[in-house]
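Thank you all for coming; I would like to walk you through one protein structure, slowly, going from the whole chain down to a few single residues. Please have a look at the model first, and then we will go through it together.

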Amino acid sequence: MPSTRGCILPHIEKRGIARHEPHRGKLQMSAPKKVVLAYSGGLDTSIILKWLQTEYGCEVVTFTADLGQGEELEPARAKAELMGASAIYIEDLREEFVRDFVFPMFRANALYEGLYLLGTSIARPLISKRLVEIAEAEGADAVSHGATGKGNDQVRFELAAYALNPDIKVIAPWREWDLSSRTKLLDFAEKNQIPIAKDKRGEAPFSVDANLLHTSSEGKVLEDPAVDAPDYVYQRTVNPEDAPDQPEFIEIGFEKGDAVSINGEAMSPATILTKLNELGGKHGIGRLDLVEGRFVGMKSRGIYETPGGTVLLEAHRGIESITLDRGAAHLKDELMPKYAELIYNGFWFSPEREMLQAMIDKSQEHVTGTVRLKLYKGLARTVGRWSDYSLYSEAHVTFEDDAGAYDQKDAAGFIQLNALRLKLLAARKRRTS
């Protein structure tokens, strides 16, 4: 599999910070001196930044990853400066994200519970990887995240961090602090001069996580699974009913299981996914209303939009259909739910995921060729596929004269051998009934 070692040079700023005495008691015994925080620039992680400083009296380094969430990240830098971060990392990880995480996952055709394309799940190991690497570079003794104690992300962040550095401390403020309500959070922000956007003073209609692969919307107006999601929840896709009335045909080229071109134009992994998002979104492709079983035990309802990923999955299935042997394809399909569950549950850096990845990557050696797709009214359908490595033999399947390529009489013995055990079972049933 491709290396997950990045070569992107981050933008780093160093700033001084006033040191505070840590609280007495158990916090003092294990108080970190420097913490690297996964920082979005939003209200919650800004509160966490200040809370870490006041609660532990430590330096806080912020790390903001551009995974293609479609937001301007410079405000995060300004806010981190205002909050007194001792160092600020803002990194464009889009290419690494798609190349080393999304594409390997798509080689497996991974779907959690048969439907979910794992857009949030697959981003967490990369963020954790950089948190741990930055902590080592900065001499920090802890990392921190803003995941709540009810969700899957806390598990994903922390399992990945421990897999990469067994000695790292992980601070999860949502499991520690007493800021248990929106009112308390806003009071804390006001007391500590943390800017609050006007729309944050009311109840947000839903929460959103986004990256180049998908958007995930949960909570508030979406919590009742019996009620249709409002139209304003959808951000990347038009309503399929309002999509163009004329279909669009595209061609995606593959090499060893990874997409490498669209309509004959070679592109980088992140550029391909960006273009497929544009095409899929325009045609209303990739919407999913899902009630899923969280790893922590509860069920949750989410609205997912994965336009480019939905097109990519259909195309990958299309090229595999002519290049992958039946035995290999069926074995992949049997193992896929386990592979998807490992990613969903946060075990990207586990030996079992790496073992499955090695097998999956081996299966992709000849998954090279081109797929033609029809995009229309919420659907992406394969309508053509061709490859120099195709296993499809028209000579064998033709309804016309096959010129001796296949002897139909061979089927009789094949059927009799496969029927033998069924005959014996039927005979016993007749004998003992």
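Predicted model: local features only at pLDDT ≥ 70, side-chain atom pairs only at ≥ 80, totals over all residues.

The protein chain has 433 residues, of which 49% count as buried, and its secondary structure comes to 13 helices and 15 strands. If you follow the C-alpha trace along its principal axes, it spans about 85 × 60 × 45 Å. Among the contacts with a separation of 6 or more, 75% are made by residues 24 or more positions apart.

Now to the domains. The chain is divided into domain 1, which covers residues 34-200, and domain 2, which is made up of residues 207-324 together with 366-386. The UniProt record, an unreviewed entry, also lists residues 206-424 under the name "domain: Arginosuccinate synthase C-terminal". Over that stretch, residues 206-424, the chain is 38% helix and 24% strand, and the C-alpha atoms at its ends are 60 Å apart.

How do domain 1 and domain 2 meet, and how many residues are in contact? There are 31 residues of domain 1 in contact with 35 residues of domain 2, while the centres of the two domains, taken over C-alpha atoms, are separated by 26 Å. The size of an interface is often given as the accessible area lost when the parts come together. Here domain 1 and domain 2 bury about 2700 Å² between them, and 63% of this is on carbon and sulfur atoms. On the side of domain 1, Phe 103, Phe 106 and Asn 109 supply 22% of the area buried against domain 2, which is more than any other three residues.

The same interface can also be described by its polar pairs: across it there are 17 residue pairs in polar contact and 2 salt bridges. As for the elements of domain 1 that touch domain 2, those giving two or more residues are α4 (94-107) and α6 (153-164), and α4 gives the most, with 10 residues.

The unreviewed UniProt entry places a "binding site" feature at Thr 148, Asn 152 and Asp 153. Asn 152 lies in the loop between β5 and α6, and Asn 152 touches, beyond its neighbours up to four places away in sequence, Glu 292, Arg 294, Phe 295, Val 296 and Tyr 344.

Is Asp 153 buried or exposed? Its relative accessible area is 17%, and because buried means under 20%, Asp 153 counts as buried. Asn 152 is likewise buried, at 7%.

Finally, Ser 144 is in strand β5, residues 142-144, and with a relative accessibility of 1% Ser 144 counts as buried. Its contacts, leaving aside neighbours within four places in sequence, include Val 35, Leu 37, Ile 48, Leu 131 and Pro 173.

Key. Residues numbered from 1 in each chain as written. Heavy atoms only, no water. UniProt positions renumbered as here; feature names shortened; annotations may be inferred. Helix = DSSP H or I, 4+ residues; strand = E, 2+ residues; numbered from the N terminus. Buried < 20%, exposed > 50% of the residue type's maximum accessible area, 1.4 Å probe, protein only. Contact = heavy atoms within 4.5 Å. Domains from an automatic or database assignment. Buried area = accessible area lost by both parts, 1.4 Å probe. Salt bridge = Lys/Arg side-chain N within 4 Å of Asp/Glu carboxyl O. Polar contact = N/O pair within 3.5 Å; in protein donor to acceptor, adjacent residues only side chain to side chain.
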